[in-house]
Every structure is written in structure tokens, then in C-alpha cells.
Amino acid sequence: MKSVSNATLLSAALFLTACDAPPSDGSQASAEPATDTMRMAALRDAAIASGFVRAEALAIPVDPARRDAGRLIFASTKMSLNQSISCRDCHLNEFGSTDGLPNAVGAGAVGHGAARMANSEGPILPRNVLPFWGRGSKGFTTFFWDGKVSVEDGKVVSQFGDRAPSGDPMVVAAHLPSVELREMIADTPTVRDTLVTEDVDAARTVQDELARRFADDAEIGPRLAAAYRLPAGKLAFGHVADALAAFIRDEFRIRPTRLEAFVFDRGQISRTELAGGLLFYGRGRCSFCHSGPYFSDFDFHAVAFPQAGFGKNGFGIDEGRYNVTLDPADRFRFRTPPLYNLSSTGPYSHSGSVVRVEDAIIAHFDPLRLIDTKDMSIRERADLYSRLGPASREPLPSALTDAEVRSIAAFLRMLDFKGPS
Amino acid sequence: MRSRFQPERIATHLVALLVGALIAWLALPLWREMVMGWNQERYGLLVEQCDGAMRDHYQAKQTAALAPSADGARALAASEIGLIICQDYDLHQKKLLQWGLSENELAQMRLRAIEARASDLQEVIETHEIRF
């Protein structure tokens, strides 16, 4: 009798095993540690070949005194000509150094997160706030969505032309937000009449005033002067920007990740993460552009994301890199965003139009799935067709299933790390 | 003491064996149909994905040979990793063989996968017509 029951159990087990087929759309979500040595070795090799390095290899040491002065500058509204906004207002730790909103809200806004957009009078800016992870570390040389600060042939290229205030692109980038109208300067008639001239001298006028303020500040002035071994009266905006850059460079440096532990220290990886990693470097073709130590080639590419908000060029249009180069080939191209701490830096894309990482991945190969064209005006559809053109010429991934997209998202979460609290 | 091998007990066992074999013989096609039905979608997807990965690899190899470049080398490396999906396909196929499907039945499943996307007769014809 016992043998009959055993046989029945065995049959049932065999039947259930046979029925336990993987999901039809491709891969199994599994938190179980992967054991496939061939695939793990392939992923390690691919990550290293694509430029992945240990976090410690990217850090640039900073002067602690300058960093500490920069920390105070970062949180001070004195950086805004109207004293209405600080860097910290849009770069919050709780949102992974962004503001958690699709489009930034500039000078005059109050509150943080959704409250900032819902309850305040501040102007809505055309682009999504970029996170700071890795900014100014080794090899991170292209800044902002459209790369308006970059390094070419060893020289900093920016809107300062041949009068760049520093040879360090991070310091040059730190010069820009304080003179961006509506971002850190409220758009008032006086400002428009006296300062909106689109020349470097107007920027210098604003920044000389900001430097005076910081020099006169009872807390920041002495620290800044001591950090640069200068009397407070000799402090210039270059010192303010340099201290700010030192803070950002140190505070938002890349820390060790689970991927680093997997690649260099034989750490664990789940089966889903392994599948996602192999898709990232394989059929997904993600690493064509998301390569190098920061998972960005620092080049410019087009992805037909939905457009949220008014857009840099107005009426829901943002022509991206074209605004910097005026080269028609650059229309709708944006700098490849680095991928560290992706989980906490949403929403995604240059206009923050996509909330989930999975949708951001889908936008690369199936953008129409995220858009209801029937709800769009003829003009909006025409703009969409313009974006689809350059996007279709990018190295598009294979058609990925939803499970495969989820596994890539799981792999990307291996790039999360705990930043400053 | 009665023998454990009495003729009537042997006959009973033989009858049970025959009935069991008959049931197994009748159930086998049903079992195979069930395994095929259960695995058609997954197997069909793997057929399609492996086919795409092989095509990508072939094209990347050609491009790298005809016009060598860093981009081409990167595409080739990615397409090589992409071929891992064909190992998934092989493993799944071996599992189906283990569960009793024959090569003929696997071929039938592959055919279904190829034709699943055929929206009209012309596509079916193109799949099957002999070309010289």
C-alpha cells in the first residue's frame, strides 16, 4: 500500500514539474542566486569590456575645507540673485539628488516634491532635474541634457566661449544655474531690462554680486576665505563655484554597488539580475550607448520618449543637442544619461515624462506603446513623427518581452547605492 | 501454507499489467498533446528569439568584416552575448524531448511558431514554397 502511495506522489510530482513551465514571455523572475557559471562569467567579462570599474577608481579627492564651504553654498538661497532658491531645493537626498518631479520648478517656488509643483508660484522649467551621481569624477566631462558643457580635445566647450572661467568642466557647469533665467533668477521686468543680454559680461555682473554676498556672509565668508587662503574681499565667484564643485564631486561620488561586488569580488547575483545583465550587454543593446564607467558614452542619442511640459523650444518641443550645436543632425538628441541610483531618480527622460524604469526601457524600442496618439493634436503627432525618425536610426534593442524588460530593470537596480542621508 | 505464486494471482497481475499498458498506450498521445499545448508559447518565443539572435550575429559579423570599426566590434560582442538565448532554446527543447516529445512533434511546434505570425495565406505559402 505504501509503495502505491509513493508511486502516486511521484506521479503527481512529475506531472507538476512538467506543468511548471516558465512564463510564456521569456524569462523567470527569480530572486534565487544564479549558479550558471558560464553566464556569470560572460556578464562579468561584458561589464569589464564595456568599461565598468570599481567606484574607488572614479573618485577625485577634494580639499575638505573647500567641500565644507561648498556644502553651505549648496544650501544657501544667496546663490539666487532674488534669494528665492538654493541648489538644495531641486537636488534633494530623498529623491536621489533630484526633485522627484517631471519638470523642475524654478525661482520663487516653495516646498519640495509634489507640493513644489502643486502649491507654488514658481515657473515650470522645460527639463527634468538631472541627478548628481558621479558629476565631476574622473572622466565625467559632459554636463546637462544637451551637453552644453563638455570637453573636446582637452578644452572645455561651453557658452562662455573662449572665456571659460575654469579648465575644469565641473567648475564651469557650477557657474551656469545661477545665471539661468527662471531657474535661479526670477524673471522680473528689471532683470529682463538690465541683465538679459546673452553675453558673458551680464553673467559676470550677476556672479560678482553673488560672490560679494557669500564673502559678506558671516558663516560662509570666513570659511571660504580660509579654504582659499584669501582675505574675504578677494573672493570671486570662481571660488564660490569651485567650492560648490568640490562639494558636489565629493557628496555625490559613486559608491560601491552590488554589481561591483558581483563583477570584482565574486558576489551573488540573482537569476533575474543575471538574465537582465545579459540582455543589457546582449540582445537589449543597452551597452551600445550606456557604456563606460558611468553607463553613459557621453554622446548624444535620440529616444522617442513622450514629451511632458512646454519643452525647451516651446509648444511641447525640445530639440535637445540642436539647441547647443544648431546642427540639424542633432535634433532631438540628448546626452546618454548615466544609470547609477536609477531607482531613486525618477521620473525619467529629459522631460520626466516616464515614471517607471520599465517604461523608460520600453521607450527605446516600442515608444508608441507609451503614447495614445488619439489624444494628441495634429501638431503633437507631427512632432512625434519628427522624434521617431532619429530614434529609429539608433541601435535599437531586439523586441523585448515584458519579463525581459523587468529583468533589465532588476539588473539596473544593482547600480543603486546608499548616498548621503 | 499457500504458495505466493499461485496461478490465479499471476493471472491477476498479468491482467493488471495489460490494462496498465493499454491505459498508458492510450494516454501517451494525450500526454504529448498536453506537453505541446503547455509549452507551445514559450517554445515558440524561444524559436523566434534565437532566430533573431542568430540573424543579428550573422549581420554583425558581416558588418565587422566589411567595415571594421569600434561600433561594429561592439555590435559583434553584443550579438555574441545575444546568442545565449539559443542555449535557452536548446535546453528547453531537450526538456521537451525528455518529456516524451519526438523530433516530429518539435518540428510541428516550430512550424506553429513560425506560422503564428502569418496573417494571410501568402505568408504561409512563402514559408512552405520551394525556391530555386
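Author: Helices here are DSSP runs of H or I with at least four residues, numbered from the N terminus. On that basis, chain B reads α-α-α-α-α from the N terminus on. That is 5 helices and 0 strands. The model is predicted.

Some context for chain B comes next. The chain has 132 residues, and 19% of them count as buried. Take the contacts between residues at least 6 apart in sequence: 69% join residues at least 24 apart.

Now the part itself. Helix H1 of chain B covers residues 7–66, and helix H2 of chain B covers residues 70–82. An unreviewed UniProt entry lists residues 12–31 of chain B as "transmembrane region". In the model, that span is 100% helix and 0% strand. Its end C-alpha atoms lie 27 Å apart.

How do H1(B) and H2(B) pack? Their angle is about 155 degrees, and their axes lie 8 Å apart. Angles over 145 degrees count as roughly antiparallel. The two helices are therefore roughly antiparallel to each other. The crossing of H1(B) and H2(B) is left-handed.

Which residues meet? H1(B) brings Ala53(B), Asp56(B), His57(B), Ala60(B), Lys61(B), Thr63(B) and Ala64(B). H2(B) brings Gly72(B), Ala73(B), Ala75(B), Leu76(B), Ser79(B), Glu80(B) and Gly82(B). By type, the residues of this contact divide into 6 nonpolar, 5 polar and 3 charged.

Note on methods: Residues are numbered from 1 along each chain as its sequence is written. Chains are lettered from A and ligands numbered from 1 in the order in which they are written. This is a predicted model: local features need pLDDT of at least 70, side-chain atom pairs count only at pLDDT 80 or more; totals for chains, interfaces and linings use all residues. A residue is buried if 20 or more other C-beta atoms lie within 10 Å of its own, exposed if 12 or fewer, and partly exposed in between; C-beta atoms are placed from the backbone. Two residues are in contact if their C-beta atoms, placed from the backbone, lie within 7 Å. UniProt positions are given in the numbering used here, feature names are shortened, and annotations may be inferred rather than shown by experiment. Axes are lines fitted to C-alpha atoms, for helices over the stretch in contact, and angles run from 0 to 180 degrees between N-to-C directions. Angles under 35 degrees count as roughly parallel, over 145 as roughly antiparallel, 65 to 115 as roughly perpendicular and the rest as oblique. A crossing is left-handed if the near helix is turned anticlockwise from the far one by less than a right angle, and right-handed if clockwise. Ala, Val, Leu, Ile, Met, Phe, Trp, Tyr, Cys and Pro count as nonpolar, Asp, Glu, Lys and Arg as charged, and the others, Gly among them, as polar.
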